[in-house]
Amino acid sequence: MGFFKNNNNIYTFGVDSSLNFWQINNVNDSVNFTILKKLRIKNTIINNIYFSSDGKLFATISKDTIIRIWDMNFKIIKELKDFKTMITAVSFSPDSKLILSVLQDNTGIVYDIDGNKIGILKGHSDFINNANFSYNSKY
């Protein structure tokens with residue numbers, strides 16, 4: 001679960017294969033929540049969700065070892081499927097043109113936004129928990 005950048009929306013996902021986007025409503029010193037959109041991915045469990053820094057895309061990783069890249073109209077624009085082990089995390093580059101995935105096989109894979117493989121990162125002796133691009137693109 002987490003907050004969108006605007007802090008007015010929340011997303012949740014669960015083992016029921018659903019991904020819910022909620023709006024936070026403040027009415028008369030009371031807070032309530034409304035589901036804006038409910039997505040369901042059949043036959044898998046969503047493990048996490050990651051947003052691009054420009055706020056135009058998000059990616060989901062799931063138990064079926066597929067990265068799904070979505071636009072903010074909730075349409076899947078690309079699926080990355082060539083993974084043989086569990087995906088542990090995904091990160092968008094600061095300009096949202098690259099996607100980094102890290103895996104339980106001790107590697108990371110960098111793709112461009114069209115799904116073309118740019119390179120493979122090797123060097124860990126155990127699976128990688130997380131990875132991010134630096135925001136200044138230097139380190």
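# Exercises on an all-strand model

From the N terminus on, the elements of the protein run β-β-β-β-β-β-β-β-β-β-β-β. This is a predicted model, in which local features need pLDDT of at least 70 and side-chain atom pairs count only at pLDDT 80 or more, while totals for chains, interfaces and linings use all residues. Residues are numbered from 1 along each chain as its sequence is written, and side-chain values use heavy atoms, with hydrogens and water left out.

**Exercise 1.** State how many helices and strands the protein has.

Solution. Helices (H or I, at least four residues) and strands (E, at least two) are DSSP runs, numbered from the N terminus. By this rule the protein has zero helices and 12 strands.

**Exercise 2.** Find the salt bridges and trace how they are linked.

Solution. 
- Step 1. The criterion is a side-chain nitrogen of Lys or Arg within 4 Å of a carboxyl oxygen of Asp or Glu. Searching the whole structure gives three salt bridges.
- Step 2. Arg 68 pairs with Asp 64, with closest N and O atoms 2.8 Å apart. For accessibility, buried means under 20% relative accessible area, exposed over 50%, and partly exposed in between (1.4 Å probe, protein chains only). Arg 68 is buried at 6%, and Asp 64 is partly exposed at 26%.
- Step 3. Arg 68 also forms a salt bridge with Glu 79, at 3.2 Å from N to O. Arg 68 belongs to strand E7 (residues 67–71) and Glu 79 to strand E8 (residues 76–80), so this pair ties together parts 11 residues apart in sequence.
- Step 4. Glu 79, partly exposed at 30%, forms a salt bridge with Lys 81, the closest N and O atoms being 3.3 Å apart. Lys 81 is exposed, with a relative accessible area of 52%.
- Step 5. Through shared partners, the salt bridges join Asp 64, Arg 68, Glu 79 and Lys 81 into one network.

**Exercise 3.** Compare the radius of gyration of the protein with that of a compact globule.

Solution. 
- Step 1. The radius is taken over C-alpha atoms, and the globule rule is 2.2 Å times the number of residues to the power 0.38.
- Step 2. For 139 residues the rule gives a value near 14 Å; the protein has 16 Å, which agrees.
- Step 3. The C-alpha trace spans about 55 × 40 × 25 Å along its principal axes.
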